[in-house]
Amino acid sequence: MQQAWWKESVVYQIYPRSFMDSNADGIGDLQGIISKLDYLKWLGVDVIWLSPVYRSPNDDNGYDISDYQEIMNEFGTIRDWEQLRDGLHDRGMKLMMDLVVNHTSDEHPWFVESRKSKESPYRDYYIWRDGKDGNEPNNWGSIFSGSAWEYDVPSDQYYLHLFSKKQPDLNWENTSVREEIYKMMQWWIDKGVDGFRMDVINMISKDPELPDGEKQEDQTYGSGHLSFMNGPHVHEYLQEMNKSVLNNHDLITVGEIPGVSPELALLYIGSERQELQMLFQFEHMDLDSGSNGKWDLVPWSLFDFRKVMSKWQTGIQGRGWNSLYLNNHDQPRLVSRFGDDFRYRVESAKMLSTCLHMMQGTPFIYQGEEIGMTNVQFDSIEDYKDIETLNWFHDVTSKGMEIDEAMTSIFAKGRDNARTPMQWNTSDHAGFTSGTPWIRVNQNHDEINVESAIADEDSILHHYRKLIEARKTHSIIVYGEYELIQPNHMHIYGYIRKLDTQVLLVICNFAFHQADWNMPVYRAYSTKQLIIHNYPVDDNSDLGQIKLRPYECRVYLLDK
Ligand code: NOJ
């Protein structure tokens, strides 16, 4: 297998607004991040992915960009950014920027011009259409609730926005749009960025007919995803982008790509395709969603989780490279979702991270995950800030859903679960700010915070350090071939990795009670080394017959 630095790396995602505030305005900023670089180095991560820091009116916390080459006022200046870049590089870490080019802010000069008149040279930078019989051009709903079209009175036309109405979609069919984007990317590369995470990059090419989407009877809007995901020209554009900018540099690239199977994914990341290196797939994130989407809560099962993870492991290996994640700024906290955030918080957070990090792919850690931060339940909808959450809440409650029912979904799935401020210590506002935080801090910061976790050798944080270090020590963790074992075990997810004469045996108990593991075949290996575990273990235990305690995990390195 081809070796690469980004395969051997661990990425740490920072959501700057919630990471560290240096100037007491209650909003995280670049100087705040700079003040924590030694912490990140100590943790051992190799690459920092920065969620957007560009100028933005913050309708969607920076995912609505009004200037791609300026820094958001609240976060600092381009000088601060350069200091951050140098601080990372001096410590041997790399910087991956978020690239949001499916849409801009409606306050971006391109859109301001585009909106001025049908004759503007910028009109065609966006997707404008006439209405149909006095209605929107088609029946698509926005991913953030309501229609995906916004009516513009002066020109009597509608523009498309797959997300909020302040996030108009760019028209990638326009060559000038693509050229401007490549030029902007090149500018950042020249400034020393080491890669890009590309926001919903498989939505950039839409079926030009923009046909109505499938609509369920009880729904107001149809779903256009078949016409805007993996559209007709997406690969042509990504190959063009690769040729124009990416190819000439040794970068890390990862596309956010919902709605693909491993086979479709390989069209984006297949080694011979010259598009991207990795993608974020969503199948495992959809396991607890019902047919009505993310807010429609259904229980997930170990059976499905294991099936989906294994499908991606075996589907991609040898032909591309996986990204490994259970958390990011859009998802609930992993320990609340897949573990037990109360009685077995420490054990289950360690087990879940082990299960993920020992797979084949590049692991992504989201800020706070390394100390086992949990979901939050604010008393009132007034305390929530996320546009997706608020739009959905107002939409469904205006149509009759009980507030309690809506809040239950928000507690489980709302994006603000991931966006409460990073918990640094036990002081007011968890040490995140000396002002008033833009969003409330999780009350459990007295118990869950970086300072306490550093002091406790047994903490989740120290476990993450061990996982990262193990990856640097044993190349089997990076390059070994994945094979699922005991695919039908009721409680334990077991798999092996194989490289040359070595085998890495990974067994993870997903249950809150003891579970038995019987697999005599691994007795045959002459050397065995226990490299990761989350309970005290007697080193002489018999590998053929193990009793795993609640949420226990063990990783053994075996050799012939
Ligand atoms: C995906 C991003 O991760 C999310 O935070 C954002 O709201 C949408 N794309 C729109 O940019």
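## Basis of the description

The model is predicted, so local features need pLDDT of at least 70 and side-chain atom pairs count only at pLDDT 80 or more, whereas totals for chains, interfaces and linings use all residues. Residues are numbered from 1 along each chain as its sequence is written, and side-chain values use heavy atoms, with hydrogens and water left out.

Helices (H or I, at least four residues) and strands (E, at least two) are DSSP runs, numbered from the N terminus.

Five strands form an open sheet in the order 16-17-18-22-20, with antiparallel pairing. Two strands pair if DSSP finds at least two bridges between them. Strand 16 (481-485) and strand 20 (527-533) are the edge strands, each pairing on one side only. From one strand to the next, the twist averages 20°.

Strand 20 runs antiparallel to strand 22 (residues 553-559), and six bridges join them. K528 has L558 in strand 22 as its bridge partner.

## Helices on the sheet

Helix 12 packs on the sheet and touches strand 17, strand 18 (502-509), strand 20 and strand 22. Contact means heavy atoms within 4.5 Å. The direction of helix 12 makes about 35° with that of strand 22. Axes are lines fitted to C-alpha atoms, for helices over the stretch in contact, and angles run from 0 to 180 degrees between N-to-C directions. Helix 10 (residues 302-316) lies across strand 16 and strand 17 (492-499), and runs at about 15° to strand 17.

## Two helix pairs

Two packed helices are described by the angle between their axes and the distance between the axes. For helix 12 (residues 345-357) and helix 16 (residues 460-473), the angle is about 15° and the axes are 10 Å apart. Helix 12 is therefore roughly parallel to helix 16. Angles under 35 degrees count as roughly parallel, over 145 as roughly antiparallel, 65 to 115 as roughly perpendicular and the rest as oblique. Residues of helix 12 in this contact include R345, V346 and A349, and those of helix 16 include I460, H463 and Y464. By class, the contact has five nonpolar, four polar and three charged residues. Here Ala, Val, Leu, Ile, Met, Phe, Trp, Tyr, Cys and Pro count as nonpolar, Asp, Glu, Lys and Arg as charged, and the others, Gly among them, as polar.

Helix 6 and helix 8 (residues 234-244) pack at about 40°, with their axes 10 Å apart. These two helices are therefore oblique to each other. R178, Y182, M185 and Q186 in helix 6 meet Y237, E240, M241 and S244 in helix 8. This contact divides into four nonpolar, two polar and two charged residues.

## Two buried loop residues

H474 lies in the loop between helix 16 and helix 17 (475-479). H474 is buried, with a relative accessible area of 15%. Buried means under 20% relative accessible area, exposed over 50%, partly exposed in between (1.4 Å probe, protein chains only). Not counting residues up to four places away in sequence, H474 touches I531 and L557.

P168 lies in the loop between strand 8 (157-160) and helix 6 (175-190). P168 is buried too, with a relative accessible area of 0%. Among the residues that P168 touches, not counting those up to four places away in sequence, are N102, H103, F111 and Y126.
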